[in-house]
Every structure is written in structure tokens, then in C-alpha cells.
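Hi,

Here is the structure I said I would pass on. Please open it alongside this note.

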Amino acid sequence: MEFCDECGSMMKADDGTWVCASCGFEKPRGDADEFVVTDDQEAGEVIESSDESSLPETDAQCPECGNDRAYWYLQQIRSADESETRFFICTECEHKWREDDH
Ligand SMILES: [Zn+2]
Ligand SMILES: [Zn+2]
């Protein structure tokens, strides 16, 4: 529901415009719809952020600094036909490597 800025009467929707039934004053519609879209985008950004410290740890030797503890996770690389590859991230220097890189 919109009210006329000029005379305060109720306005009616006419395509993309609000039109006053009393004096004919017009103004564009659609402001309310844009606010809803903005809220959805902010919620999506929060979910994408990840925390490496929440990953599981295992015994694995870092090829970079020789540390023997690393975080690990599984990731599918190319297509769904191939098996998942295990990646390690050193707990000391944060070097990242694939399990099958020998
Ligand atoms: Zn009016
Ligand atoms: Zn390391």
C-alpha cells in the first residue's frame, strides 16, 4: 500500500508505477523487493567461510618443514568417476600437499 506524497490519498499500482487516484501524482514501484534480495546474499556469504582448525589431524610428514602432524580433508578433483583425493595441510607451516604426490 502506498500513499501519495502530494495529497496523501491512496495510490494504485499501474505497471511499474504508483499513480494517485486523486491528483494523478506518479512514482516508481519496486523498492521493497530489492531489500529482500540483499538479505539473502548476506546469509550466503557467511556459510562459505571455513575454518581450517576444525579439520581432523593425522600423522603425516610435511615435505616442506618435516613436521609430522597435518590436518587432512578429502576433495574430488576432476569428475565424479574418479575417487576422492586426500589433501594434507601442515599444522606448523600450513604447507598443503596431495597424498599421492610421492
Ligand atoms: Zn495525490
Ligand atoms: Zn610444514
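This is a predicted model: local features need pLDDT of at least 70, side-chain atom pairs count only at pLDDT 80 or more; totals for chains, interfaces and linings use all residues.

First, the annotated site. An unreviewed UniProt entry marks Cys 4, Cys 7, Cys 20 and Cys 23 as "binding site".

Cys 4 sits in the segment before β1 (11-14). Leaving aside neighbours within four places in sequence, Cys 4 contacts Ser 9, Met 11, Cys 20, Ser 22, Cys 23 and Phe 25. Two of the annotated cysteines, Cys 20 and Cys 23, are among them.

Cys 23 lies in the loop between β2 (17-20) and β3 (26-28). Here the count is 11 C-beta neighbours inside 10 Å; exposed means 12 or fewer, so Cys 23 counts as exposed. Not counting residues up to four places away in sequence, Cys 23 touches Cys 4, Glu 6 and Cys 7.

Next, the sheet. Four strands make an open, antiparallel sheet, in the order β4-β5-β6-β7. The edges are β4 (57-59) and β7 (96-98). Each has a single partner strand, so one side of each is left without a neighbour in the sheet. From one strand to the next, the twist averages 40°.

Take β4 and its pairing with β5 (residues 69-75): the two run antiparallel over three bridges. Within this pair, Asp 59 stands opposite Arg 69 of β5.

Best wishes

Definitions and conventions:
Residues are numbered from 1 along each chain as its sequence is written. Chains are lettered from A and ligands numbered from 1 in the order in which they are written. UniProt positions are given in the numbering used here, feature names are shortened, and annotations may be inferred rather than shown by experiment. Two residues are in contact if their C-beta atoms, placed from the backbone, lie within 7 Å. A residue is buried if 20 or more other C-beta atoms lie within 10 Å of its own, exposed if 12 or fewer, and partly exposed in between; C-beta atoms are placed from the backbone. Two strands pair if DSSP finds at least two bridges between them. Axes are lines fitted to C-alpha atoms, for helices over the stretch in contact, and angles run from 0 to 180 degrees between N-to-C directions.
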